[in-house]
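Visitor: Can you walk me through this structure? I'd like the overall picture and then a few local details.

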Amino acid sequence: MAFIDFTDAALQALPALRTVPETPSLAVSEPLSRFERRIVELAREDGLDTLKPQRKRGWFARLIFGPQPPSPMLANEQLEALRRLAVQAWHHGYTLPASVMKEARVAGHSEAKIGAVIDFIGRARAPFRRLAA
């Protein structure tokens, strides 16, 4: 059986990795900026528990455990929606809940940006390996 390597063609077809000038004066920029890519990379270390709202510690818990730890949430709502999408994608891959993508759309992210985040994470994740039986 013959093997055809399509990796070069696939990388050229992805909108997240290239800039396509449609006319000399207008150019389509990348869906993800460097700052947004950095947020997606940092979300790799976050667990699913960071998506839950953080509870306030009572006085007794502060006495035992110390002060309240800093919140993992970002102050900017749009970037927080991007972080939440990235955390879900790092943990679930391409099988994301529809509510996460809807939340990202409501925050102002386009379909192209949501797809670019999911594709970026899909390429960066370690490939699935089966254990020998």
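Predicted model: local features only at pLDDT ≥ 70, side-chain atom pairs only at ≥ 80, totals over all residues.

Visitor: OK. How many helices and strands are there, and in what pattern?

Guide: The chain has 6 helices and 2 strands. Along the sequence, the pattern reads α-β-β-α-α-α-α-α.

Visitor: How much of the chain counts as buried?

Guide: Of its 133 residues, 27%. The accessible surface of the chain is about 10100 Å², and carbon and sulfur atoms account for 60% of that.

Visitor: And contacts across the sequence: what share join residues at least 24 apart?

Guide: 57%, counted among contacts between residues at least 6 apart in sequence.

Visitor: Now helix 2. Which of its residues are buried?

Guide: Helix 2 spans residues 34-42, and its buried residues are Glu-36, Ile-39 and Val-40. Those residues cover an arc of only 100 degrees around the axis, so they sit on the same side of helix 2.

Visitor: Why would residues three or four places apart point the same way?

Guide: Because an α-helix has 3.6 residues a turn.

Visitor: What covers that buried side?

Guide: The cover over the buried residues of helix 2 includes helix 4 (77-92) and helix 6 (111-124).

Visitor: Which exposed residues are on the face turned away?

Guide: Arg-34 and Phe-35.

Visitor: Switching topic: Asp-46. Where is it, and is it buried or exposed?

Guide: Asp-46 is in the loop between helix 2 and helix 3 (59-65). Asp-46 counts as buried because its relative accessibility is 19%, and the cut-off for buried is under 20%.

Visitor: What does its side chain pair with?

Guide: The side chain of Asp-46 makes a polar contact of 3.0 Å with that of Arg-83. Setting aside neighbours within four places in sequence, Asp-46 is in contact with Arg-83, Val-87 and His-91.

Visitor: Last one: how many aromatic pairs are there?

Guide: The count is 1 aromatic pair. Trp-59 and Phe-60 form it, edge-to-face, at 5.8 Å centre to centre with 80 degrees between the planes.

Visitor: Is Trp-59 buried or exposed?

Guide: Trp-59 counts as exposed, because its relative accessibility is 63%.

Note on methods: Residues numbered from 1 in each chain as written. Heavy atoms only, no water. Buried < 20%, exposed > 50% of the residue type's maximum accessible area, 1.4 Å probe, protein only. Helix = DSSP H or I, 4+ residues; strand = E, 2+ residues; numbered from the N terminus. Arc of directions from axis to C-beta. Contact = heavy atoms within 4.5 Å. Polar contact = N/O pair within 3.5 Å; in protein donor to acceptor, adjacent residues only side chain to side chain. Phe/Tyr/Trp six-rings, centres within 6.5 Å; stacked < 30°, edge-to-face > 60°. Areas by Shrake-Rupley, 256 points an atom, 1.4 Å probe, with all protein chains shown as cover.
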